[in-house]
Amino acid sequence: MAMRWLLLCGCALASLAAAGASGRGGDAGTGSQVYVVYMGAVPPRTSPNLLQESHLSLLGTVLKRGRRADGVVVRQYKHGFSGFAARLSEAEAAALRRKPGVVSVFPDPVYQLHTTRSWDFLQQTAVKIDAAAAAARRGSGAHAHHRAATADADSPPPSPSPAASDTIIGLLDSGIWPESPSFNDAGFGPVPTRWNGTCMAGDNFNSSNCNKKLIGARYYNESDVRGPSQSGGGSPRDDVGHGTHTSSTAAGSAVSGASYYGLAAGTAKGGSAASRVAMYRVCSEEGCSGSAILAGFDDAVADGVDVLSVSLGASPYFRPDFSEDPIAIGSFHAVAKGVTVVCSAGNSGPAAATVVNAAPWILTVAATTIDRDFESDVVLGGNNSAVKGGAINFSNLDKSPKYPLITGASAKSSSVSDADSASHCEPGTLDNSKIQGKIVLCNHSEGDTSKLVKADELKDAGAVGAIFINDVERAVSTTYLDFPATEVTSAAATAIQKYVASSSQPVATIAPTATVTGYKPAPVVAYFSSRGPSSQAPNVLKPDVAAPGVNILASWIPTSSLPAGQKEASQFKLVSGTSMACPHVAGAAAVVKAWHPTWSPAAIRSAIMTTATQLNNAGAPMTTDAGAAATAYDHGAGQVHPAAALDPGLVYEAGEGDYLGFLCNYGYDAAKIKLIAASLPGGFACPANSTAALISDLNYPSIAVSGLGKGGGGSRTVTRAVTNVGAAEEVTYTAAVSAPAGMEVKVTPSKLVFTKSVRTLEFQVSFSGGKDKAGKKGAAMFGSITWSDGKHMVRSPFVVTG
């Protein structure tokens, strides 16, 4: 259970790549382990069979006598890119690194999963903000710079595109539970003829488990790489729950009457409910091997998916280079083939520079809350006053406050000297005889033993309930099932502590959880959501956008842990993490793709970013859950606005050539880039002046400039190009700038005039320090540039550091 909780709810720390490979992939007695050999793009006019033979031939040149190449290869990549995974010694891996045509050789890493009302909330919040913006425009003629409006803010959301059912969302995840009602195919037509995928048979799974909704399911047997697994893995069937949850969030069919044992009741549906689903099981409870992740990307490209949703990643503390990161590699080639790749930003927030999956060809998603809370109040004796709390429990305690209340510090065991640990109810620190039949008030901090472990210890010791004082994690509702436990903030706990101190016999009770909707403010950035800047490429602003990722209701696998009185497991569960935010954006991307089937992944990303919102449901700028003003390092361009993304007005295009230029500026040489790319113009060479500073010129929908000058006193000019995709061919856009104090920002030209023959125009943005210079080197200054034609507002956030 502890391992599953880590995977699903966002502990976000992945295993060290080398440790993961050597610890699980080692060949006993031989000193070998699994390595990934990445060889870049598939050479033109090369068949898969010929590519496989060339892999085996290359491998044979480095193996010791007696070792057969086909006996050590565990996976081969031959569709979206070229390479293989094989069990090698360190010397053999080193020899392969020196071979012509090899981009990189690295130990097979183990990544971790980054673990409905949410879609209704996105629509409702957007409508309220649109209406406010429209009213402001009608009243004053001024442009609202917080978001980009849709064609008519007062019109209903657009109806689904007829082509929506032909879009295919692939997910690299832990598998799928095909019996879930979210994957019912009622009303779906035939599977698109362009689909090349398959429904693999495996343990407790056969081809009949797929249908016209779930059109593909593959798995990658981890026993070949890491040895026997306790969780199986020889099947596309999900035994973790994560993949079922993310796939139903992205594209689940509408299911009325969905709830988690009565909580969060309503209709559960995916963001693109008309899309088809293809699952690539690359993860198990033990994690997600890099070799399987690459195989999933390779197959998904060949199968014909339109969008890939990837809710997993490396640790921000042991982040590999792009050429040794399976997600960066696989997504690069998928995007080159026209597949939009959406990834979770990671769950290592709120610390700065923890964002992962930050390659510029990836759409990187942060997590926010929605306007729903799960309230479980504490009722105190005396005047029966209620203290607001929050958690998910199905308490069967009496409604009257009659249960003795004690603090952890007061229940300290005589054999324990550390009173602070007792006040936090750490396991082994309390006297069981003092807490039997009582509700225990416990402090809780980051770094403590899990609240679930504490709750289990208290329950086993005879306590009837628990109250955890928890400021950081309060927004994420922990599920305690039938043990009456709730969480309160330190401010709310003051009333409880005063009551305990003033009463000789304090008593209380804990109310069962009730669903509260219309909660304000929302959205706020979740505490766990990983933050920018990107430590790999600070001149690309990451994350890109934010989406709901807290307490999200979606489909789940059957479980034996039921609340008291329940006879059947819920088919849905409430889960939190950037894992849950990622499929929200993948669903939105699929809808944009359905409406605009010829748009590139960059155009789809641009539409989603430039139309994002920055206001909450109280009409104020978004904040973090700590109450601080949210910045682009927290939520990127803002909260995704799916309806607005269908009509962005302008888009920032980028293709493989732009990303190759990024790699030049990142530091790769031309020889390496020639292997990575599918095709290059004759005589390709990286410019002599390639430098990390020039990454700021990548045609991205946001702008990041680092090292402007000591104290902010320098200057820098970046270039962008936008393409008119609106209905009006003859249209003029005007720039408006929101700049921080001490920063001068100039857009040249300030007007862009598009015509029938001129659809793409360039502009430059100059940044320079003003009289009030930045206080210290490296301080981040945030602002935005918005292009408007009076109908669309195309907003690009920027960040400048000294």
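**Disulfides and a helix pair in close-up**

The model is predicted: local features need pLDDT of at least 70, side-chain atom pairs count only at pLDDT 80 or more, and totals for chains, interfaces and linings use all residues. Residues are numbered from 1 along each chain as its sequence is written, and side-chain values use heavy atoms, with hydrogens and water left out.

**View 1. The disulfide of C199 and C210.** The sulfur atoms are 2.0 Å apart, and the link is right-handed, with 80° about the S-S bond. Both C199 and C210 are buried (under 20% relative accessible area, 1.4 Å probe, protein chains only; exposed is over 50%, partly exposed in between).

**View 2. The disulfide of C425 and C442.** The sulfur atoms lie 2.0 Å apart. The torsion about the S-S bond is about -85°, so this disulfide is left-handed. C425 and C442 are both buried.

**View 3. The cysteines C343 and C582.** The closest cysteine sulfur to that of C343 belongs to C582, at 6.1 Å, too far for a bond. C582 is in no disulfide. C343 is buried, with a relative accessible area of 0%, and C582 is likewise buried, at 0%.

**View 4. The packing of helices α9 and α10.** Helix α9 (residues 290–303) packs on helix α10 (residues 326–336) at an angle of about 10°, their axes 9 Å apart. Helices are DSSP runs of H or I, at least four residues, numbered from the N terminus; axes are lines fitted to C-alpha atoms over the stretch in contact, and angles run from 0 to 180 degrees between N-to-C directions. Contact (heavy atoms within 4.5 Å) involves residues including F297 of α9 and I329 of α10.

Note on methods
Helices (H or I, at least four residues) and strands (E, at least two) are DSSP runs, numbered from the N terminus. A disulfide is a pair of cysteine sulfur atoms within 2.5 Å.
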